[in-house]
Amino acid sequence: MTSQKKIFIASVFIITAALILFSLFTAEKQIDFNADVKPILNKKCISCHGGVKQQAGFSVLFRAEAMGNTKSGKPAIIPGHPEQSEFIKRLKSDDPEERMPYKHPALDASEIDILTAWVKQGAKWGDHWAYLPVKPAEVPEVNNEWLRNDLDKFIYAKLEEKHLKPSPQADRATLLRRVSLDLIGIYPSEKLAQDYLNSKDETKAYEVLVDSLLASPHYGERWASMWLDIARYADTKGYESDPNRNIWAYRDWVIRAFNKDMPYNQFITEQIAGDLMPDPTDAQYIATAFSRNTPTNDEGGTNNEEFRTAAVLDRVNATWEGLMSTTFSCVQCHSHPYDPFKHDEYYKFMSYFNNTRDEDVIAEYPLLKQFDDSLTKELNKLTSWVKTVSSAQEAKKIRLFLKTGQPAINSTTADNLQHAVIGNNNIALYFRNNAIARLKHVDLDGAAQLIFRYKSPEPGGRISLHIDAPDGPLLTSLSLDTTAAYRNAYAGFKKQKGIHDVYIRYANPTLGNPEELVVFFDWFHFSAPFPGKGKPGYAAYKKTFDDLLNARVPTTPVMIENPAAMQRQNYVFERGAWTAKGKTVQVGVPAALAYAMPENAPANRTGLAMWLTDKRNPLVSRTMVNRLWEQLYSTGLVETLEDMGTQGMAPTHQELLDYMAWQLMYKYNWSIKKMLKQLVMAATYRQDSKVSDELKEKDLFNKYYARAPRVRLSAEQIRDQYLTISGVLSPKMYGPPVMPWQPEGIWFSPYNRAKWKKSEGSDQYRRGIYTYWKRTAPYPSAIAFDAASRVACSPRRIRTNTPLQALVTLNDSAYVDMARHFVVRMQHTGEKNASLKIAKGYSMMLYKPIPQNRLKIFEALYDKALLAFKKDAASASAFMGDKQKPVRPEDAALVLVANAMLNLDEVVTKN
């Protein structure tokens, strides 16, 4: 090769290398919409150009809107050409009337550079991570003897990135208490505790401990407490009058579901649409009380339709905020300011819940009748006979009516009233003499009888039913029997066709006072007559039907879908006002998430449940694993459990969150117990909670998990732990709520004069989950420790630290009473002197010996109290709960010490 050729080749090589280097140094950084652009738009632009307002016809909420024409007729953003884009020009303008943000501080130079580069690179849009399907996350390739499972690898990789090291494992006593309180909310049995503490193989013993706790029936009680906040469960209806509601069967259903480890997708499906299952069981009906936990308003003069609508809106908001960590409620009034949800999509989604039979009536219909085994057997025999003499469809209708009283027309919906009134505007239909009322659009197709519930204290009255007009064709008439209490009655007529208005008339020639209210109607049910007339067994089974219809049994409010003839029209509410009905809409989910809707999903709550639990739904699995993490670590990987959207806190470990969501769905088939086991088996969970100076400086709030959290226990855990330590915890599960001690004067119920009646015997020592929950006056000691009022869905509790909390556990009579029982436990240990009893009590509380400095403090407190009680016997008796009964000052002094011990920082916190 000649020297000239060599020089030429070398020159080409040098030039090529220079060009490559030049391109590398001059290449523009690629702008990431979600990481770089969206935060600026949300903070500086979207309040005027988003879901609420679109000044000048410009919005940066959706790409189509951002790139579309503004009011000027031209787009504000021209992809690839920032110099031609009005959006960029206005950001850079020096004219205060032209510059954006208008009458707000200008964007800084770096923000303008980012937006300019973004437009130059094509103004590419990006979807928020939480609205994209969950994909399998790659497990970090890290190695360390500290690691115990793949969850730890994500944590360890982040710790290395932040130049932090994990903490060593906590001691056995600490770990025993921590995992027990986290998984079952109370301490384990003494045998289980000692087996773990004394085992030679801690690793194996710890797994046995975890498996035993997950299998405990108390597991369901602990995790149901979490869920009841989301379900806004309470034992009262809410609003001003806040009367009693018997819905505790739902609470029991939740406990049983967690104990059975019901797959989470089934858990959601049954709560959203259990009534729409094929041949639903009582349990599936009761599951739908999730949606019947909404407040209802019994106050006089209120509008039932207004508060029925409010309940439907509440169901929408609870579904989104509780199950999907999304602030969907603001879309009720306008398109979401920050997330991709449009105003009309709220009402499309609301339509799923808008066609149920509940109508804010005082009786809370529909109610599931909970027959005992004997009555259930009779019902099964009856429906089997109906199948034989009629059809399976007719048997299904009869079962539905006998179990739920549906479909029935609530008398409060009657209109065109003459000499009649809806009592209190919301109770029932009341008739005076010569009254007329209309039942609108009644489905009479195939109907030949009316079953109705009424009472009438006056004899001599008669009702008649007319078609389509007060003086229209007579459907039927009958005399009303006198009855002081509501009863069910029948009226037969010729078989009818079609949908008609039905007018009810009443006349009584014996009445003198035209203003006297003489008939009270509750509901009306038009149906075919009881089948099988003339067939063997008819009389007996007709009597069975009547007996079951009139049976007085426990009931629970449940969801029942409207039949076709009673379906409601669905509208957009202009500006969120239920009285300002706009365009009609059909059921649907937001377009941004519609990709997760299965093709075969029906347009009802079953279809909604299918969409929620489809593995493509990006929010449901992420929300649940984030909630499980929060329950164990006090803060979620996304701290804002109520908002995983663009305005929520960014996840500290997004890949870990997605990894767990994928595991929950695909590896564990939605098993919460299996997911929890993986979480508590991790080395991350087992760490010591001590805070070093380095961690204070680098990670004060423990966002990277270089230690275990140290947080105060929840309201339920504090009460239940005290009950366990004191030895009085009742093992009784399920059933009606109880009323442990609370001070006089908490309740004020002028509407029904309801009183707090302290439960007797062991019922006063039941777990906190069974405490009666009145929305307007929740159990005070629970509220002091941040329990949710449950007026609305509460996705997370915000922990507070106030002096009131110490006053509760030191002075509340219920807690002082527990301290007395704790002393009884100490005395039963057989220890001779107070010092040894105190030491034994400490080990009962924390599974470890008492430090000598602590023991000296309690000994000094005991001596001081003993001296005081010896001088003042009356005070000793009062402190022990009975002013008239003499007590040993030694016992009173020990109770005072026990009370102080139960208030130790290490007792009220999870270390």
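**Entry 1. Backbone: positive phi**

I began with Asp 786, which is placed in the loop between helix H27 (780-784) and helix H28 (803-811). Helices here are DSSP runs of H or I with at least four residues, strands are runs of E with at least two, and both are numbered from the N terminus. The model is predicted: local features need pLDDT of at least 70, side-chain atom pairs count only at pLDDT 80 or more, and totals for chains, interfaces and linings use all residues. Residues are numbered from 1 along each chain as its sequence is written, and side-chain values use heavy atoms, with hydrogens and water left out.

I noted that Asp 786 is not a glycine, yet its phi is positive, about 75 degrees. Asp 786 is also buried, with a relative accessible area of 14%. Buried means under 20% relative accessible area, exposed means over 50%, and partly exposed lies in between (1.4 Å probe, protein chains only).

I then looked up Tyr 734, another non-glycine residue with a positive phi, near 70 degrees. I found Tyr 734 in the loop between helix H26 (715-726) and H27.

**Entry 2. Backbone: cis peptide bonds**

I recorded a cis peptide bond between Met 100 and Pro 101, with omega about 0 degrees. Pro 101 belongs to the loop between helix H4 (86-92) and helix H5 (109-120). I recorded another cis bond between Tyr 365 and Pro 366, again with omega about 0 degrees. The loop that holds Pro 366 runs between helix H16 (343-350) and strand S1 (367-369).

**Entry 3. Helix H8**

I examined helix H8 (residues 190-197), where Leu 192, Ala 193 and Tyr 196 are buried. These residues lie on the same side of H8 because they cover an arc of only 100 degrees around the axis; the arc is that of the directions from the helix axis to the C-beta atoms. On the other side of H8, I found Glu 190 and Lys 191 exposed. The buried residues of H8 pack against helix H7 (172-183) and helix H9 (202-215).

**Entry 4. Strand S5**

I counted 6 buried residues among the 8 of strand S5 (residues 449-456). S5 runs antiparallel to strand S8 (residues 483-492), and 7 bridges join them; strands pair if DSSP finds at least two bridges between them. Ser 456 has Thr 483 as its bridge partner in S8. S5 also pairs with strand S10 (residues 519-527), in the antiparallel sense and over 7 bridges. In S10, Ser 527 is the bridge partner of Gln 449.

**Entry 5. Nonpolar cores**

I looked up the nonpolar cores, which are sets of buried Ala, Val, Leu, Ile, Met, Phe, Trp, Tyr and Cys residues joined through side-chain atoms within 4.5 Å. The largest has 182 residues, of which Trp 227 and Tyr 250 touch the most other members. Leaving out residues up to four places away in sequence, the contacts of Trp 227 include Tyr 250, Phe 258 and Leu 323 (contact means heavy atoms within 4.5 Å). A second, separate core has 33 residues, among them Ala 447, Ile 463, Val 502 and Phe 521.

**Entry 6. Charges over rings**

I noted the charged end of Lys 455 over the ring of Phe 520, 5.4 Å from its centre. The criterion is NZ of Lys or CZ of Arg within 6 Å of the ring centre and within 35 degrees of the ring normal. The charged end of Arg 790 sits over the ring of Trp 773, 5.5 Å from its centre.
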